[in-house]
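Have the viewer open as you read.

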Amino acid sequence: MELAVSQRVLILNRLWQAVNIIGVKRAFGLLLQNNAKVIHSTDDDFQVLKSDEWIAYSMSNPPINDEDYVRTIQYKIRIPRILLLNYYDKLPMKEVKFTRQHLFERDNYTCQYCGGHFTQGELNLDHVIPRDRGGKTSWENIVTSCLYCNTRKGNRFPHEAGLRLKNKPVRPKWRPFISFFLGSEYNESWRHFLKATRS
Ligand SMILES: [Zn+2]
């Protein structure tokens, strides 16, 4: 039971876009109040089941592992892995926090000048427009750069050092909650939906 309650459920909005990852209790709340349906992934297809259909499915396919169901007075209900909201069609308005870690993730651990791929320890955060020439510490003016390019650029504008940015630095649009859940709580059936919303 403890294991079951610690499971996480991926929430999709009405347009099948991943918007959140929530606990089992909240997920059952949404389902049983008919605010959401279960997306049940079978081999290479998805079935969409209403709460009563999900309960019927749970009864005809009794769960075996403790972590896969919750018990009510009458029956064991399988824990859904993915819920589809009936009404909500927006994406969450969560701002992506401006942090070192998110900058590395936005730039995909590549030097934005030479394009090389590096470990975090081999990368610096570079002010594109140098600070003492009015450059801000912001999404639009900070990029990751390798130590070599960083040294070469020094305290200059990129063009003064013969460097060009690979990408225009912008505030990221992806929702970072997703990357935090690619660890132990990640469920294989989420893959399809998380891939689709990464960009
Ligand atoms: Zn570089």
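Two strands count as paired if DSSP finds at least two bridges between them. Strands (E, at least two residues) and helices (H or I, at least four) are DSSP runs, numbered from the N terminus. E1 and E2 pair in the antiparallel sense, over five bridges. Before going further: this is a predicted model, so to speak of local features takes pLDDT of at least 70, side-chain atom pairs count only at pLDDT 80 or more, and totals for chains, interfaces and linings use all residues. Residues are numbered from 1 along each chain as its sequence is written.

**The sheet**

E3 and E4 also pair in the antiparallel sense, over five bridges, and they form a hairpin with two residues between them. Here is one facing couple from each of these pairs:

| Residue | Stands opposite |
|---|---|
| Arg-8 | Gly-23 in E2 |
| Val-38 | Leu-49 in E4 |

Now zoom out. Five strands make an open sheet with mixed pairing, in the order E2-E1-E7-E3-E4. E2 and E4 sit at the edges with a single partner strand each, so one side of each has no neighbour in the sheet. From one strand to the next, the twist averages 30°.

**Helix H3**

Which residues of H3 are buried? They are Trp-54, Ile-55 and Ser-58. (Buried means 20 or more other C-beta atoms lie within 10 Å of the residue's own, exposed means 12 or fewer, and partly exposed is in between; C-beta atoms are placed from the backbone.) The three cover an arc of only 100° around the axis, which puts them on the same side of H3; that arc is taken from the directions from the helix axis to the C-beta atoms. The face turned away from the buried side carries the exposed residues Asp-52 and Ser-60. The buried residues pack against H2, E3, E4, E5 and E6, where contact means C-beta atoms, placed from the backbone, within 7 Å.

**The cores**

A nonpolar core is a set of buried Ala, Val, Leu, Ile, Met, Phe, Trp, Tyr and Cys residues joined through C-beta atoms within 7 Å. The largest one has 20 residues, and those with the most contacts inside it are Leu-10, Leu-12, Leu-31, Ile-82 and Leu-83. E1, E2, H2, E3, H3 and E7 each supply at least two of its residues. Its largest share, four residues, comes from E1. Apart from this core lies another, of six residues, among them Tyr-113, Leu-123, Cys-146 and Leu-163.

Methods
Contact = placed C-beta atoms within 7 Å. Axes fitted to C-alpha atoms, helices over the stretch in contact; angles between N-to-C directions.
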